[in-house]
Amino acid sequence: MSESSRPHRRRRSGDLPVTAIAELAGVSAPTVSKVLNGRAGVSEETRRRVEALLRDHGYRKSTSDQSTRHLEVVFHGMLSSIAMEIMRGVEEVAAAHDMTFGYLDVYRRGKAGRLWVDTLLIRRPAGVIAVSSAITPEHRETLVSHGIPLVALDPTSDLHSTPSIGSTNWSGALNATRHLLDLGHRRIGVLSGPVKDLASRARLDGFRAAMDAAGAPFDKQLLRNGLFTFEQGRDLALKLLRLPEPPTAIVCGDDLQALGVYEAARQVGLRIPEQLSVVGFDDVEQAVWCAPPLTTVRQPFAEMGAAAARCAVALATGEMPKRTRVELATNLVVRGSTAPPA
């Protein structure tokens, strides 16, 4: 990007972040962003106090024509069917508020430093929704310091005060495991996601809670961690199914891993569900295409997208959310991939 096309920085190096300005002024960070962007809804006395602090610390106020009625959704690589469901929810809220919306996939820009953040600064959306993204606290501070509020949808790491929307990963995995236990399975394998991923950890904890409650000891040899991909599901499942005492059922971190288990079972000559039960997580559209159709935990992706959009719109108008973390309910969808052990 040329120097002339690069957006102007709003603060000098070393100046206070927006959160510190808000603390000094005795207001919320969204209120500071509101003043930065010249939006209404702030008392004259508060506006003068905040503007004085902003001037003292090198911030430049936005003019009214810089702000847009536009929401930006940032993805970090995602199955298209899930992304479309999330965007459907965002679209519903954007239309209700007479706003436009767009998306940015930063998966291939991971080694490009701040370039994708610069793209957002150029577009100047009213709010950003980051989906399962590797957004860092530094990214958040950059956006907020430019008056752009951020909402995280299913964040992979803890962004502290950033409002976030997720689903009940723990109880979803708990119910999936209980389903297998009720069928009579006790030797249950687990394909989990990346070790540091918040959703992976919650799902693994839910699985363990169900096993503990049933008095079923968990063999740690039956746990494998990997990426949420078909290939990882296949390769990790092959290791489990080739053990001297293989599992009679496998709980997967997502549906792609579960589809990989189907392929692993085919390679070793096991029939699903007669000889191996499989449970996924997400309920992507491909879950009903396989034979037999996949039993899985459904995440309400459209509702999650709508909730994130409503939060982003509220933040853009200076409202503080009542809760910084909202979890929407998951539910188990029982299909043909689970049965009592042989």
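How are α1 and α3 oriented to each other?

1. The model is a predicted one, in which local features need pLDDT of at least 70 and side-chain atom pairs count only at pLDDT 80 or more, while totals for chains, interfaces and linings use all residues. Residues are numbered from 1 along each chain as its sequence is written, and side-chain values use heavy atoms, with hydrogens and water left out.

2. Helix α1 (residues 18-25) packs against helix α3 (residues 44-56) at an angle of about 135 degrees, the axes being 10 Å apart. α1 and α3 are therefore oblique to each other (angles under 35 degrees count as roughly parallel, over 145 as roughly antiparallel, 65 to 115 as roughly perpendicular and the rest as oblique).

3. I21, L24 and A25 of α1 and R49, V50, L53 and L54 of α3 make the contact (heavy atoms within 4.5 Å). The residues of this contact of α1 with α3 comprise six nonpolar, no polar and one charged.

4. The count of salt bridges comes to eight (a side-chain nitrogen of Lys or Arg within 4 Å of a carboxyl oxygen of Asp or Glu). One of them joins the side chains of D283 and R335 (3.0 Å, N to O). D283 lies in the loop between β9 (277-282) and β10 (295-298) and R335 in the segment after β12 (331-333), so the pair ties together parts that are 52 residues apart in sequence. A network of salt bridges links D283, R298 and R335.

5. D283 is buried, at 15% relative accessible area, whereas R325 is partly exposed at 31% (buried means under 20%, exposed over 50%, partly exposed in between, with a 1.4 Å probe and protein chains only). R325 forms a salt bridge with E327, their closest N and O atoms being 3.3 Å apart.

Note on methods. Axes fitted to C-alpha atoms, helices over the stretch in contact; angles between N-to-C directions. Helix = DSSP H or I, 4+ residues; strand = E, 2+ residues; numbered from the N terminus. Nonpolar A, V, L, I, M, F, W, Y, C, P; charged D, E, K, R; others polar.
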